[in-house]
Amino acid sequence: MPKMKTKSGAKKRFRVRPGGTVKRGQAFKRHILTKKSTKNKRHLRGAVTVHETNMDSMAAMLPGRGL
């Protein structure tokens, strides 16, 4: 039986933390930044975790990664 492949787009965008949570980057910080407030852009910095309601789809995209 062949191994399941990881989605190549998912492996570039997500990292599985040791506790089993998934780290992702923030959206809406790439372009058209002039109309966004400084406070909004400041809160979009850094990485956040994937919500638990999306963890089933994350496990399907990242098989064999401990999810």
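Guide: Let us begin with A59, which is partly exposed because its relative accessible area is 28%. Please keep in mind that this is a predicted model.

Visitor: Where is A59 found?
Guide: A59 belongs to helix α3, which covers residues 55–61.

Visitor: And how far is A59 from T21 in space?
Guide: The distance is 11 Å from C-alpha to C-alpha, while 38 residues separate A59 and T21 in sequence.

Visitor: What about S57: where is it found?
Guide: S57 is also a residue of helix α3.

Visitor: How far apart are S57 and K41?
Guide: In space, 28 Å lie between the C-alpha atoms of S57 and K41; in sequence, the two are 16 residues apart.

Visitor: Let me step back. How many helices and strands does the chain have?
Guide: There are 3 helices and 3 strands in the chain. Their order along the sequence is α-β-β-α-β-α.

Visitor: What does the chain span along its principal axes?
Guide: The C-alpha trace spans about 50 × 20 × 20 Å. The radius of gyration of the chain is 15 Å, whereas a compact globule of 67 residues would have a value near 11 Å.

Visitor: What percentage of the residues is buried?
Guide: Of the 67 residues in the chain, 13% are buried. A residue is called buried when its relative accessible area is under 20%.

Visitor: Now the surface. Which residues form the positive patch?
Guide: The positive surface patch consists of K5, K11, K12, R13, R15, R17, K23 and R65.

Visitor: Which element gives the largest share of the positive patch?
Guide: Helix α1, residues 8–13, gives the largest share, with 3 residues.

Visitor: Where does K23 lie?
Guide: K23 lies in strand β2, which runs over residues 22–25. This member of the positive patch is partly exposed, because its relative accessibility is 34%.

Visitor: What is the phi of F28, then?
Guide: F28 has a positive phi, near 70 degrees, and F28 is not a glycine. The residue sits in the loop between β2 and α2, where α2 covers residues 38–43.

Visitor: Is F28 buried or exposed?
Guide: F28 is exposed, because its relative accessible area is 64% and the limit for exposed residues is over 50%.

Visitor: What about the phi of I32?
Guide: I32 is not a glycine either, and its phi is positive, at about 55 degrees. I32 is placed in the loop between β2 and α2. With a relative accessible area of 46%, I32 is partly exposed.

Visitor: Where is the place of R30?
Guide: R30 also has its place in the loop between β2 and α2. R30 counts as exposed because its relative accessibility is 73%.

Technical notes
Residues numbered from 1 in each chain as written. Predicted model: local features only at pLDDT ≥ 70, side-chain atom pairs only at ≥ 80, totals over all residues. Heavy atoms only, no water. Patch = residues over 30% accessible without salt bridge, like charges linked within 9 Å, V, L, I, M, F, W, Y side chains within 5 Å. Areas by Shrake-Rupley, 256 points an atom, 1.4 Å probe, with all protein chains shown as cover. Salt bridge = Lys/Arg side-chain N within 4 Å of Asp/Glu carboxyl O. Lys, Arg positive; Asp, Glu negative; His and termini not counted. Charge placed at Lys NZ, Arg CZ, Asp CG, Glu CD. Helix = DSSP H or I, 4+ residues; strand = E, 2+ residues; numbered from the N terminus. Buried < 20%, exposed > 50% of the residue type's maximum accessible area, 1.4 Å probe, protein only. Rg over C-alpha atoms; globule rule 2.2 N^0.38 Å.
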